Amino acid sequence: MCPAVVAAACNAYLYKMSLMSQRSLASKSHQPDGPDQVGQHLAAAGGSGIERSCGLLGPSESLVQAPVVRGIERIEMRFHGVMYEPHRHDTYGLGLTLSGVQTFRYRGASRAGTPGDIIILHPDELHDGAAGDEQGLSYRMLYLPPERLIEASDGSDRLPFVPAPVIRDEAFRLCLAEALIDLEGEPADLALDDLIARIAASLWQHADAAGGARMSAVAREAVFRCRDYLRDHLHRSVSSQELEAITGFDRYTIARQFRRVFGTSPHHYVVLRRLDYAKTLLLGEEPLAGIAVHSGFADQAHFTRHFKKAFGITPGHWRRLAGVAV
């Protein structure tokens, strides 16, 4: 599909979604052909094939999840009132408000996003989330792991920090819309490479200039060895001594350099990866207690506490939003 057609489809989708948020979710239908039909289909169906809303929640509250590719999550959320308590995650949160007003606390101030705005949340920054008026809120969000940005940032060893969490940028908005327009399928490798590169360029365009000294190649390689080691041993406790042994650095240097590259601490990185695995289990029928243990948590209370801290809602609520009846 040529860029002009994609842009037209994205625009049709965004504007129609903002006007039609109160419509109930439609059942599956045939794949549309043209840009205007794409916008109409998404507005009515909210993603069709992967829609998991059900009678547990009603049409005004729903979660749609796309397949996870390269650690990148894409979702659509619809709700009224306050949804998320204060929480933080270790990915960039890049969102488009489709309808309503998206309100949240971020870096000590109240923020608001409306249709046409881009929401940018930096890794490990505390924030909450609510619908700002009685109309309710509908938005789509892409959660981008920091390592994807490092890979696409032409050798940079730091992450872009965008001071303003709500911006307007038409080219960036169309790029995100292209990434979020189809929540049912997985983007092709070449298309995803292009989207990540354009997202990285847009974030750097809006980022502040602060950066500090460059990281040495040795330190960079050590940090990625830590990341790989942590991922390979998610279901057990990893000690500081183990990371010191595989890197040759002391634990405090490891902590500083790891945060510089991945936006969070090694400990929090492990917790978030365990929670990612838990979310896949939540889509099945296993009881929460079993999911907790199989995900590496001590018990259900321990699991619930970390889940709520990371995502702002309990695992049971998340499961209901996903339409899983257990």
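The structure holds 1 cavity of 30 Å³ or more, where a cavity is a set of points on a 1 Å grid over the protein atoms alone at which a 1.4 Å probe fits but cannot get out. This is a predicted model, in which local features need pLDDT of at least 70 and side-chain atom pairs count only at pLDDT 80 or more, while totals for chains, interfaces and linings use all residues. Residues are numbered from 1 along each chain as its sequence is written, and side-chain values use heavy atoms, with hydrogens and water left out.

About 40 Å³ of space lies in the largest cavity, and its lining, meaning residues with an atom within 4 Å of a point, includes Ala219, Val223, Ile254 and Gln257. The elements giving two or more residues to that lining are α6 and α8, and α6 gives the most, with 4 residues; helices here are DSSP runs of H or I with at least four residues, numbered from the N terminus.

Turning to α8, Thr253, Ile254, Phe258, Val261 and Phe262 are buried, that is, under 20% relative accessible area with a 1.4 Å probe and protein chains only. Seen down the axis, these buried residues fall within an arc of 130°, taken from the directions from the helix axis to the C-beta atoms, so they line one face of the helix. On the other side of α8, Tyr252 and Arg256 are exposed, which is to say over 50%.

Finally, just after α8, glycine 263 takes a positive phi of about 80°.

Note on methods
1 Å grid on protein atoms, 1.4 Å probe; cavity = no way out; pocket = protein on both sides within 12 Å on 5 of 7 lines; lining within 4 Å. Points joined across faces, edges and corners; volume = space filled by probe spheres on them.
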